[in-house]
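The following explanation leads through the chains, their contacts and selected local features of the structure shown below.

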Amino acid sequence: MPSKISIRIDGELVHARLGQTILEVAAENNKPIPSLCSMKGLRPVGACRLCLVQVEGLGRMLPACTTPVQDGMSVTTDNAKLRGYRQMIIELLLAERNHVCAVCVANGHCELQTAAAKLGVMNTRYAYRYPNHKVDLSHSRFTLDHNRCILCSRCVRACAEVEGAHVWEIGGRGIGSLLVCELNRTWGESKHCTACGKCVQSCPTGALAEKGFAVEEMTKKPEPVSRIAAFREVRP
Amino acid sequence: MRIADLSSFNEARERGLAKLLPSHPRVTVGMGTCGTGNGAEAVYQAFSDQFDQRGFSVKLARTGCFGFCAEEPLVNVWLPGKPVVILHRVQASDAAAIVDDLAASRVPAELALCKVEEWDHITGHIKYGSGYPDIPDWSQVPFFKGQKKIVLRHCGLINPDDIEEALAVGTYSALYKVLIDANPDAVIEAIKAAKLRGRGGAGYQTGIKWEFLRKAKAEKKYIICNADEGDPGAYMNRNEIESDPHSLLEGMIIGGYVTGCQEGIVYVRAEYPLAVHRLQEAVEQATEYGLLGQNILGRGFNFHIRLVEGAGAFVCGEETALIRSLEGKAGRPTPRPPYPAQSGLYGYPTNINNVETWYNIAPIVIKGPAWFTETGSPKSPGTKVFSLVGKVVSTGLVEMPLGTPLKNFVYDVGGGAPGGRTVKSVQTGGPSGGCIPQEMFDVAVDYESLAQLGSIMGSGGMVVMDEDNCMVDVARYFVEFTHSESCGKCIPCRSGLDQALRMLNAVTHGKATEKELVLLDELSRMIRDCSLCGLGQTAPNPVLTTMRHFRHEFEDHIRARRCRAGVCEDLALSPCENSCPLHMNIPRFLELVKEDRLEEAFMSVVLDNPLPASTGRVCQHPCDNRCRRAGIDEAVNMRDVHRYIADSIYGSDRYEAIAAQVVANKKPPTGKRVAIVGAGPTGLACAWYCALFGHEVVIYDSNAQAGGMLRYAIPEYRLPKATLDWEIDLIRRMGVEFVFNCQVGKEISLNDLGAQYDAVFLAIGTWKENWVYLPGTELEGVIPALPFLEGVAKGHTLPLGRKVAVIGGGNAAIDSARTALRLGADVTIIYRRERKDMPAIAEETEAAEAEGAKIVFLATPHRIVGNAEGKVSAIEVAKTRLGEFDKSGRRRPITTDEIQRLACDTVILAVGEAVDIDFAKASGLKIKESGLIEVDRYSLETSRPNFYAGGDLISGASNVSNAMGYGKRAARYIDLRLTGVKRWKDLLPEFQISQTVPAHPSESPRHHAREVPAGQRCRSFTEAVVGLAPVEAMEESCRCLRCDIRNGD
Amino acid sequence: MTNGKVKVATVWLDGCSGCHMSFLDLDEMLLTIVEKATIVYGPLVDTQEFPEGVDVTLVEGAVANQDDLKLVQKIRQNTRVLVALGDCAVTSNVPSMRNWVPVKKLLERGYIENATETLQIPKDGVPALLRQAVPVGAVVQVDAHIPGCPPSAAAIGKALLDIAAGQPPKLAGMVKFG
């Protein structure tokens, strides 16, 4: 039986269970913390750093998605410093690839776009990099547009942890990191892809999409993926 | 060969001892990667051949490195009963002579660096013998002073490929003790009590980590040695493993035993082939001897060690990334928790320690924690090995107690910067660390103190930088490194470093704005605070520390578009141009001389510098120190070439025509009026350019003639007044008007000038002599230097005695001494530091000595003794000794009790000058605490609009070219303010010169200006230095390598 | 200011004019704005030279060619508050989708490979393309951003009223990229 503890989130005393993360407890208590790489049911990776929070008594900020709650913990989820850093992270993401929202299949349904609006990001202070990225249309049902990928690895984990197909991996390193299909094949040449679409539904942006959708038409449904994952998790 | 009990253990030790101290001579060659890179392989082969040929009975072996990289290859020679003698810079060709010596039971004294009579191996003690009184003990060599070798206890003395030699110096005895005591908790307690902290950089307590692992319950546990050393400039771990692999194994086996773990892994860089090889060999030997594997030392404990070669990703130094790499995955870090002690390699509890941490285990076990905490600082006991590299004389591996002040590393051990340069900063902790400026070299080198300055100790890299290093470029370099090594998982590091690198590149190219600096600062903080792992969290440190401690260098790049170090090529024409306070286009006038276009050369020179003949005689020539030709033989004699150019035109029949051509460059009148206060070099330079811009210029001066210090302080024999008059004439022709005998503050006020002129430039010199307060300064016969020189220049008769003592080491002191000599006196100069610390131009000091002046170094005036008539009769000086290094990087002279009396009847005080600032106070100009006028660093504008100041008024006493540099800069900004247009670039004409790098620059050595023989010149005021002959000037110009030419554009 | 009204200019660089359309969509809000502002320059008025002493300039479009660059620099010199209007001005948006193609190749593709008649790259009467189309903020200081493709009329109106009142525009919740 998970034992009950209480923690403070932005001053408010809330109940939590041992083993939960700060992100989970905050979400349960209607204090959503912005995040892009975390998705219910997938193992947290702490990569996007949007969910960083301050824990009283600790000098360093901690990612809410990987930090387990402890009894008596006092967490600050929003203040000027955190907000400033989150805005910078969004700005860095926008400058990193060619996120042209106006012509994106996921326009209006994109987590990056939503996070930018919620955090009040009006522009990017950094230089746009304008990298030359390819679009992979080789799969019969899906498309991969690297220009819109934020390397959150949700697709990688959905495929490996939920579907068990291990089609996706992040290749390269640093700013040259790229989502790769198997051993750098095109998606259409994939040996293991089951065309289940879990990666597409998990993708927070328009990087992975279904064919046949035009601008603004691609809505994502990650919840079923999370439900399958949860089902798998409770098995012994 | 298996050791199963104490007697077989001791037998192996004895066999090892017999190898270390054989009955015949032993010669070992230091063959770490560093030694091999310096030719040790050939040296070893030469010895081997010699011994084979002669059938000489000698034990020849390879050892690791003793640490003194600058002196490699190192060879140790030992004769029975005698100390080990360490020979340095040994070449293969030396082998025969060395063997001759050995055959005669001698050691080659001329190659000897030091000797080792006995050695504390910590885990053992060896007496090699005594003798050779003339060879210094190793501990007397400056490089080794203050070093304490705990980690490096065996390095360079034993053969790393021979386990018996390792046993002989006590390796594995700590392991044996631990196994016999069979009390793991006690060992962990000892490590905790010793407060041993991880040497990889983070500094977490090793004992506590071990306790976690011991308490973790799991079917399997792992111990990992992190040998993924990847910092540029750091090679401690490589050397430790290469020189003494067994001590690493011993530490790990002990760690395994006390934490209940049976498998150890060494994760070592594949780029360290020799370390990998020696460690593999050591593992095999240890297994063979029963020290590793099943049933170690017969005590029933099993432990295996395997090596895994990493592919060299810097991020794999991060423990979670290293674990992923070991698992065969991409080396990307994962968030902690879970910590490796809970869930590490393959999910099992794991402990990771740095190479150096493992080396500290056996000493603590043998000597106990109390012994360990005696060394180092209370919070950080023990020692740390640093690789001291960069701009120091002695580079190498240095093991010092933690808490040692940084300056001891740089100056005592490292010997300061080579070639008399000034050390500017030290970068500690590699790309994850920061730059510590010279003013803060008192900082103790330990985890906390360095962190306070924004740096880290890291794994022990220590890169020393001097004035030739651009700190912006340093930051850019390290960010480029971490940028390319970022794994790309988290956004702050992946994308943040990419943006930071873009901004830093923009700064080095002169394309950044101040807004970007603010952005860069914010971004760096975000990367530091938000990144997932240590790589990203520390990557901004070089940026943040350089922006904090070297802000002015960033501003120079952005506002003045200048890189003082001359590193950022887009911001400098050539090293000489960059170093010149006037930024003269030196390669251009050299090329024009070379192409035999003397008149154009004069035009080029005089438009860059309106006093070419004067500066050609008296400039401090900073260009000499930067000339790349010095890398081949000696710097090009640029100063004397431009003197030659000027001398050839002034007074020649071509002068009139050329002067007209020069004046023809003048821009149309602007109707703006500029007043300049002070007709010294600063004022003249400003006037020249303001006039060229077409403004109306009037110079006010309290003297009767123009030139300031050039006329009234610099003696005739250095700068004939007739020469100066030529230059003033040309300035007049440019349209500059002079108002003499008019002192601002008396005859005319600053407010009047402000009302009458559109801009006012203040350029008054340092005419107020500093006064030292020592007994006897009130006596008759004590004269300050400047009034003395001024009096002589004006032709006054001065009451100078026969025996003159000059106090000081600057140019005014030397000028006074040489002037006094010419007036027939016997002169002694008293200076409190050493010759190399003298601020005077070195050639001037040498000339003074040649003319008969005596110099007493390391002496400071104690009191001036008078006679009954109140006149000077002698001076008493106290000898000084050199103490600690001060802020200027020179040793501080400390007065001793040793007093010396020198008979004299005149004392000239040349201890510095100051500006008389009273006139400025009344007019509302802001004055700094230092007594200098506050100005904008770039535009030189004062707190009062349209009032500018330059030269000594803002910098304190300086030299002619610096002073003129200010004047030139002020003119540029005054014009910008008056016209609102950037006209500087269009002011000067273009010269078409060859843009081809000379395929064969002249091989001639440097031509020095000819001097009148000392005996002839020392009683006369005629010019002492004649200058270059035409053919010499031409030849000198042909020596230029043309660094101003860029390839590819 | 003229008669207590802020002088507003609008400019259309490399964009589709959608933002200006949205501006025209202000409907009855125009009546409020007209009391506070007067338009002195833009595609909607007949002034040839960009005037001096403008209070607010709304710039639509990315900076894509030499003319854009010169104009936007002049605007900056003559404007107190420069507002980037819409995604092209704020992020460079669609015009930037040619940025990873060298200009020469781009022109060849457009005017030669894909053209059917008069195969030639225009040289006279058209400004040279910049290497990349960039947001306005990349070349001059921008004081306020109104993202959106296009931004809603409400956001544009709110921004103008805020600026006229001497406040930085508060548009949280009213705008998004795309």
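This is a predicted model: local features need pLDDT of at least 70, side-chain atom pairs count only at pLDDT 80 or more; totals for chains, interfaces and linings use all residues.

On the side of chain B, 23 residues take part, and they are in contact with 24 residues of chain A. Three helices of chain B, namely α18 (471-485), α19 and α20, each give two or more residues to the side that touches chain A. The greatest contribution among the elements comes from α19(B), which gives eight residues. By class, this side of chain B comprises eleven nonpolar, seven polar and five charged residues.

Chain A also meets chain C: 19 residues of chain A are in contact with 22 residues of chain C. The side of chain A that touches chain C has twelve nonpolar and seven polar residues, and no charged ones. Chains B and C, by contrast, do not touch, and their nearest C-alpha atoms are 10 Å apart.

Chain A itself is divided into two domains, domain 1 spanning 4-78 and domain 2 spanning 83-234. The C-alpha centres of domain 1 and domain 2 of chain A are separated by 24 Å. To the contact between these domains of chain A, domain 1 gives 15 residues and domain 2 gives 24 residues. On the domain 1 side of that contact in chain A, ten residues are nonpolar, one is polar and four are charged.

The strands of chain A include an open sheet of five, arranged in the order β2-β1-β5-β3-β4 with mixed pairing. At the edges of this sheet are β2 (12-17) and β4 (62-63) of chain A, each of which pairs on one side only. Strand β3 (residues 52-55) of chain A is joined to β4(A) by two bridges, and these two strands run antiparallel. Within this part of the sheet, Leu52(A) stands opposite Pro63(A), the latter belonging to β4(A).

Tyr130(A) has phi near 45°, a positive value in a residue other than glycine. Tyr130(A) lies in the loop between α3 (111-118) and β6 (135-136) of chain A.

The discussion now returns to chain B and to the packing of its helices. Two packed helices are described by the angle between their axes and the distance between the axes. For helix α19 (residues 491-508) and helix α20 (residues 514-530) of chain B, the axes come within 10 Å and cross at roughly 155°. Because angles over 145 degrees count as roughly antiparallel, α19(B) is roughly antiparallel to α20(B). Their crossing is left-handed. The residues that α19(B) brings to this contact include Pro492(B), Cys493(B), Leu497(B), Ala500(B) and Met503(B). Among those that they meet in α20(B) are Glu516(B), Leu519(B), Leu523(B), Met526(B) and Ile527(B). Taken by class, the contact of α19(B) with α20(B) contains twelve nonpolar, three polar and one charged residues. Both helices also give two or more residues to the side of chain B that touches chain A.

How do the axes of helix α10 (residues 245-259) and helix α11 (residues 273-288) of chain B cross, and within what distance do they come? The axes of α10(B) and α11(B) come within 9 Å and cross at roughly 60°. The two helices, α10(B) and α11(B), are therefore oblique to each other. The crossing of α10(B) and α11(B) is right-handed. In the contact, Pro245(B), His246(B) and Leu249(B) of α10(B) meet Arg278(B), Leu279(B), Ala282(B), Val283(B) and Ala286(B) of α11(B). These residues divide into six nonpolar, one polar and one charged.

Chain B also contains cis peptide bonds. The bond from Arg336(B) to Pro337(B) is cis, with omega near 0°. The bond from Pro337(B) to Pro338(B) is likewise cis, with omega near 0°. Pro337(B) is placed in the loop between α12 (319-326) and β12 (350-354) of chain B, and Pro338(B) is likewise in the loop between α12 and β12 of chain B.

Technical notes: Residues are numbered from 1 along each chain as its sequence is written. Chains are lettered from A and ligands numbered from 1 in the order in which they are written. Two strands pair if DSSP finds at least two bridges between them. Helices (H or I, at least four residues) and strands (E, at least two) are DSSP runs, numbered from the N terminus. Two residues are in contact if their C-beta atoms, placed from the backbone, lie within 7 Å. Ala, Val, Leu, Ile, Met, Phe, Trp, Tyr, Cys and Pro count as nonpolar, Asp, Glu, Lys and Arg as charged, and the others, Gly among them, as polar. Axes are lines fitted to C-alpha atoms, for helices over the stretch in contact, and angles run from 0 to 180 degrees between N-to-C directions. Angles under 35 degrees count as roughly parallel, over 145 as roughly antiparallel, 65 to 115 as roughly perpendicular and the rest as oblique. A crossing is left-handed if the near helix is turned anticlockwise from the far one by less than a right angle, and right-handed if clockwise. Domain bounds come from an automatic or database domain assignment.
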